[in-house]
Each structure stands twice: as C-alpha cells, then as structure tokens.
2 protein chains.
Amino acid sequence: MRSLYDGVMTQPFDTVPVARGQGVALWRQIADELKSDILSGALGTEEGRLPTEKDLAARFGVNRHTVRRAIAELTAEGILRADQGRGTFVSERLITYPISSRTRFSEIIAAQAREPFGKLLASSEEPATAAQADLLGVEAGTPLIRIETLSVADEVPLIRATSWFPKALCPGLVADYAQTGSTTKSLARAGVTDYRRKETRILADLARVEDAQLLNIAIGQPLLITEALNVDPSGKPTHFTRTRIAAERVQLIVESL
Amino acid sequence: MRSLYDGVMTQPFDTVPVARGQGVALWRQIADELKSDILSGALGTEEGRLPTEKDLAARFGVNRHTVRRAIAELTAEGILRADQGRGTFVSERLITYPISSRTRFSEIIAAQAREPFGKLLASSEEPATAAQADLLGVEAGTPLIRIETLSVADEVPLIRATSWFPKALCPGLVADYAQTGSTTKSLARAGVTDYRRKETRILADLARVEDAQLLNIAIGQPLLITEALNVDPSGKPTHFTRTRIAAERVQLIVESL
DNA sequence: AGAATTTGTCTATTTGTATAGATGAATTTG
DNA sequence: CAAATTCATCTATACAAATAGACAAATTCT
C-alpha cells in the first residue's frame, strides 16, 4: 500500500489471492505485496517479524518455495533478513528509517521546476515535433534543447527528469546548466528572470528497463509521473518538464487540493 | 508513458530493451510498453497503424511469437485489432476517445472527499487500531465505520475508495449513505455541516487481484493512490479516505502546486 | 536434553514462457 | 496477375516458474 499514514487504515487479510498465467510471476506478486505491506507498516506481526514461510505459503495459496523466492528478492533488495531457525525479519534500518525518508519530499516536487534538480545525465538538441511545437508555442521543427537529470538523496536515486526548452530562448542553456546546476539560474542568464508552472499533471506508470537501471528498482515497479508546462509572467512557455519518480521511495503531498 | 500532453515530448526509440528473469514475462512488458505508447499517442507510425510484428520483434529483441502474445493481450483488452494481410491497428474508438475521457477528472479527485462518489460496495464496523485511533483522534478500540465505494463513468470503473469514520460521530452513516449516496449529506445528518481536507498524499502502487477485478484492469498495472484526512472547521478529524485509481484511465491535475 | 519450530538445500515433475522454423491465408504492391 | 508483405497457425525445443516431498541446520520451547 506504501501508505504514509503508515500502517493506518490497513488490515491484514487471512488469505490473499494471486493470479496465475497473467505474465507476472507469483513470486513477483508476492514480493510486491510484502514490500507494500512492509513499507506501509501493515505487517500483521509485531517487531518486524514476518509470518513463517509455511504461513505465508498458506496465506497466498502457493508452495513454500514460491514464497522463498519472493523473500529472496526482498532480501537482495535489503528489505528483509532471514535467520535460520528464528524467522524472517524486516531489515532494522527500515523499521525507523523509511517513513521519515519517504515523508518529506513534497518540497522537492513543489520545487522541481524551479530549483537545481540533481545531476545532469545528458543533453541533446532536437527539432520540435508538431505536438511539442504547439505546446511550447513555437513553429514545428524549431530546435529544442533537452536535458536529462537524476536526483539522488543519500546515495539513493529518487527522480528522473526530462526537460525541453526552445533553443532560441536560452541558446547557452547546457553550458550554463553544467556551470550553475540550476534551471532558474540558467534561464536567468538568458534573460528569463521569472517563471511559474501553469499546472501539473500527475499520472502513474510502470518502470521499464531504463527506469529500473537509473532508479535502482525492479522493472514493473510503480512510478509516479509529473508533467508540467512552465511559463514566464506574460504567459509565454519557457519549458516543459516530465519526472519519473520511484514510488516506493517518494510520495507527493498536496496541501488543500 | 500515458501522458496527457499526449504524444508531446516522447520520441520513439529504435530499440527498446526488455528484462528477462525478473518475474515479469516479456510479452507482458511489451504489452505494457505498447499500451503506454498507444495511450500517450507516441505510436511511431501514422493513422493508428502499428509497426509489423517482424519490426516489433526486432525493436524489442524478441521472437515474433512473443510480440504476438503481447498483441493478443491488447486485442483482448479492446485496444488493438489485427487484420490479416493488412496490419495491426489501434481500435478506432481509442483514436479520439481516450484523451478526452482521461482529461477531465481533476474535479472528481478534488471533489472526492466531498461529494457522492460512486456506488456503495460494502460497509463494516471495526475497532480502531492504535494507528487509526491516533490519526482520527479517538481511543484505540473505538468502533469505526468503514465504507467501500466504486466510481464508474460510462460503464468503465475508475476509482475504488475506502473511508473510515468514528462511529460515535455518525452512528447512522451506513443507512444515511445508502439513502443519500453522499458523504456530505450523511455527515450533515449527523450534525457535521462542514469539513475540509487537511492534505492529500499521492502515491503509486500496483494492481492486485482485488483491484484488477473491481477496476477491470490487469494485475500489475499501475494505480494512483490518494490518501486524505478530513477535519471539521475546529480541526477535529471527521474521516479518512483512501482511493485506488486506475492510472490508465485517470490522471490528476493540480493547479499551481 | 529432547522435542518442536523455522529456515536452508536438494531432487524430481509439471506447467508456462520464449525461441526456431515452416507453411498457410489475406491483403497490398508493382 | 504475380510478387511481396503481413498476420495466422502449427510443430518442436529449451528454459523459467511452480509444485511436491524429503531431509539438514539452527533456534526456541518445554
């Protein structure tokens, strides 16, 4: 569930169904379920101890080996630790840490379009497609600058971002960004002293291979996507930003939506 | 990508990597990728025609049969239609429909906690856990009322919602809700004439069996989750609502986050 | 200390996933 | 009309996923 009212409002089920032959392995479904329950604090048992493999197999209606494979996955991710003869436990680090670490990133998102945002991975120049041109208020074929960035906190990658700018607006953007590490400062050098978000769209998607590599998560894990068009005070578009956020590590907090 | 600046800012890749042995079948990964591209309008070819099976197989680096299985899945979902000898096409209905249908649901979310919200699936009474009690400002063990609702538009399910209320606040809630179909009216009958959201948390998760059944999507598909605590004018909690939203059909729009 | 519990390892079997190649059927192209 | 293209169907093979059962190793309970 990955709730941040963590553990609140989630009751454990006696039996949890899994679906066969849907292209998602049972062990993966079980690993995802356990991970959600662990991260949301709805563990069913006290003090970070999981039910026994036998009980979990019964709960999910699968063989014990299938549960073991799921546990192996979460152990590899550092979420669980199994002790022969004792039981399987949530990694100590997670019992206190993740809640706080997952709580306070609303500002990162709120500031996403305005402030320095992680390290520059790549940049390129591309002619605007019809749809891009329409959105940014330029002619189709107009050169655009695209930058790819990655935000990392405590060695843990959180957010991929891609932004597009009309090149005419800020021809030196890549060099400026490399120097300042800031969108705001780079745009200011180009004479754009202020801008704001028109609106933000929030969607969800699944991690693909590229997301998985950059964000260090498994493929098929959920991502939060934000998309925002930024405009200057006169309403003229300055740039468009799309983020792909590891949902297991970040949540968005909206005050009084 | 499921963008609603649809088709904007997405360029097709010549080759798309897929991951083996990760618990997600290749045909499922390919189906998800194609679905995202179709819904976001980034199809790579004109007029709703997909690349040939041979080309897709080359693009994803898999056997043609694997691509066919992915296409079979999307055909079953009504997204694609294959014509022998001609090619594979995006279902006509989708070429114009989905964008509009996916665009205008910001209000639904904004109004989610306030207005009638789909049909009542179930209700129950449960003693508050420690975490629930803390959040709702009652004693642990206090009876809570839980209601489960499902919102549907044009026969298509969009949002599952679960809400918890302190029973003492509104003892007749279930009957009132069944009669009025409205949280606001039901609470008004209990003397709670006004309330507001303190904040909304937005996360993402994967669809499980129960989500898949209720929302009519495949397991493992992305969900948007919103969680909100509602309080009366004095700041006292009235209820807590959690929604699970089919991300392939709904996106959230936040004005000036 | 002995019994019960729990995780770890091993072998064997069945089903699902993915590849490979060949051939047929419908459509489009020249 | 013939050739090329594209989706449909079939057989065969290899590997991953899931089940089944047995037994070992470490810990806890009595």
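## Aromatic pairs

Two rings of Phe, Tyr or Trp (for Trp, the six-membered ring) count as a pair if their centres lie within 6.5 Å; the pair is stacked when the planes are under 30 degrees apart, edge-to-face when they are over 60, and tilted otherwise. By this rule, the predicted model holds 2 aromatic pairs over all chains. One of them joins A:W164 and A:F240, with 5.9 Å from centre to centre and 45° between the planes, and is tilted. A:W164 belongs to strand β5 (residues 156–166) of chain A and A:F240 to strand β8 (residues 237–246) of chain A, so the pair ties together parts that are 76 residues apart in sequence. Both A:W164 and A:F240 are buried.

In chain B, the ring centres of B:W164 and B:F240 are 5.9 Å apart and the planes stand at 45°, so this pair is tilted. Here too the pair links distant parts of the chain: B:W164 is in strand β5 (residues 156–166) of chain B and B:F240 in strand β8 (residues 237–246) of chain B, 76 residues apart. B:W164 and B:F240 are both buried.

## Helix α7 of chain A

Helix α7 of chain A spans residues 173–180, and its buried residues are A:L173, A:D176 and A:Y177. Viewed down the helix axis, the buried residues of α7(A) fall within an arc of 100°, so they line one face of the helix. An α-helix has 3.6 residues a turn, so residues three or four places apart point the same way.

The cover over the buried residues of α7(A) includes β3 (119–127), β4 (143–153), β5 and α8 (183–189) of chain A. On the face turned away from the buried side, α7(A) carries the exposed residues A:A175, A:A178 and A:Q179. After α7(A) comes A:G181, which has a positive phi, near 65°.

## Surroundings of DNA strand D

DNA strand D is surrounded by 26 residues, of which the closest are A:L26, A:H65, A:T66, B:R64 and B:H65. Of the atoms of DNA strand D that come within 4 Å of the protein, 72% belong to sugar and phosphate.

Bases are approached from both chains. At a phosphate oxygen of DNA strand D, a backbone N or O atom of B:E53 lies 3.0 Å away. Two or more residues each are given to the surface near DNA strand D by α1 (26–40) and α3 (64–76) of chain A, together with α3 (64–76), β1 (80–83) and β2 (87–90) of chain B.

Conventions
Residues numbered from 1 in each chain as written. Chains lettered and ligands numbered in written order. Predicted model: local features only at pLDDT ≥ 70, side-chain atom pairs only at ≥ 80, totals over all residues. Heavy atoms only, no water. Helix = DSSP H or I, 4+ residues; strand = E, 2+ residues; numbered from the N terminus. Buried < 20%, exposed > 50% of the residue type's maximum accessible area, 1.4 Å probe, protein only. Arc of directions from axis to C-beta. Contact = heavy atoms within 4.5 Å. Near = heavy atom within 4 Å. Polar contact = N/O pair within 3.5 Å; in protein donor to acceptor, adjacent residues only side chain to side chain.
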